[in-house]
Amino acid sequence: MQKRTLGNTGLKVSAIGLGCMGLSYGYGPATDRQKAIDLIRAAYERGVTFFDTAEAYGPGLNEEVVGEALEPFRDQVVIATKFGFKNGVPDEGLDSRPERIRQVADEALKRLRTDHIDLFYQHRVDPDVPMEDVAGVVKELIREGKVHHFGLSEAGADSIRRAHAVQPVAALQSEYSLWWREPEAEILPLLEELGIGFVPFSPLGKGFLTGTIDANATFGDKDFRHIVPRFSAEALKANQSLVVLIGEIAREKGVTPAQIALAWLLAQRPWIVPIPGTTKLHRLEENLGAANVELTGDDRTRIERALATVEVQGERYPASLQARVGR
Ligand SMILES: NC(=O)c1ccc[n+]([C@@H]2O[C@H](COP(=O)([O-])OP(=O)(O)OC[C@H]3O[C@@H](n4cnc5c(N)ncnc54)[C@H](OP(=O)(O)O)[C@@H]3O)[C@@H](O)[C@H]2O)c1
């Protein structure tokens, strides 16, 4: 797999990473631990060197699985994790107080079975803690060798600038995909200016862009999508036209819709590294195949034209979660 560099800090990772969240959290019951470990190792064997987790996924459980899976080849991989929620539980609210960040780092190091976190993201901007204080404590953790690079997630432009002035930010991780293009307006130009890499999360639209979620799909209580307006029955029905268009383009190119969704992201900037998540080996292989899908200028124009004809229905987050985003 080709490598990409996230921003000016020189952090080199595989062009496509693995989002590990869904193995323990967010999309229903956790995957059996050994199966999850096998999947993460299968990704490494296929060239993935960038693995994404967070204290909040479990809480702690996902980091433990990632740590055990990657222990045999720890030096060959980049592990990204995140701090920022009270007790590691998103529903309990935000907590980026410096003492809490230190505590999460120490606990994550144990769970990940390592002596350093390659990339430590603030999961959400905390309005009660000045960004300078957050960046300051991560800077200290970097000096101490516990952390190698600093990242932010879903942060707005002002927060990114303030953080970067204290401790250079290696990467921003925010949602970006064929059906959520907000970062294009202000954030991507800012990242280009500051030399910060970009890691799109939910690059497959939480599964929707792959064409495998039809208008009649329903989601269980443990599946986060059951509270997401964009996955309501009406929105799923209305948004099928997007999937039809992506499917047509994929068929003509002899690839899959998931591969179009990922190749499109890779084609946006050379410092973009998507982290699709899956619990299944055949889908992992399909997703990694996107690194070899080249979109021509004509392909990209066709995709742009197709996207322009569809008005996506439904918010990407319910109001309670939207309130935490992008300050
Ligand atoms: N920073 C943040 O706030 C934040 C928020 C969300 C996610 N993330 C990170 O980003 C990663 C990826 O995001 P995500 O998991 O939300 O969304 P995603 O990667 O867009 O989609 C994952 C979903 O798509 C399905 N899927 C994957 N590959 C597929 C394929 N080839 N064909 C059909 N279905 C496929 C998966 O189901 P199966 O398991 O059944 O394949 C899963 O339900 C997460 O693992 C996490 O590490 C970060």
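Around the ligand stand 31 residues, of which Tyr27, Asp52, Thr278, Thr279 and Lys280 come nearest; a residue counts as near when one of its heavy atoms lies within 4 Å. The model is predicted, so local features need pLDDT of at least 70 and side-chain atom pairs pLDDT 80 or more, while totals for chains, interfaces and linings use all residues. Residues are numbered from 1 along each chain as its sequence is written, and side-chain values use heavy atoms, without hydrogens and water.

By class, the shell around the ligand holds ten nonpolar, 13 polar and eight charged residues. Here Ala, Val, Leu, Ile, Met, Phe, Trp, Tyr, Cys and Pro are nonpolar, Asp, Glu, Lys and Arg are charged, and the others, Gly among them, are polar. Helix α9, residues 281-289, gives the most to this shell, with three residues; helices are DSSP runs of H or I with at least four residues, strands are E runs of at least two, and both are numbered from the N terminus.

Oxygen atoms of the ligand lie 2.4 Å from an N or O atom in the side chain of lysine 280, 2.6 Å from a polar side-chain atom of threonine 278 and 2.9 Å from an N or O atom in the side chain of arginine 124. The protein covers 93% of the 890 Å² of accessible area that the ligand has on its own, by the Shrake-Rupley method with a 1.4 Å probe.

Strands β1 (residues 3-6) and β2 (residues 11-14) run antiparallel and are joined by four bridges; pairing requires at least two DSSP bridges. Threonine 5 stands opposite lysine 12 in β2.

Terms used:
Buried < 20%, exposed > 50% of the residue type's maximum accessible area, 1.4 Å probe, protein only. Polar contact = N/O pair within 3.5 Å; in protein donor to acceptor, adjacent residues only side chain to side chain.
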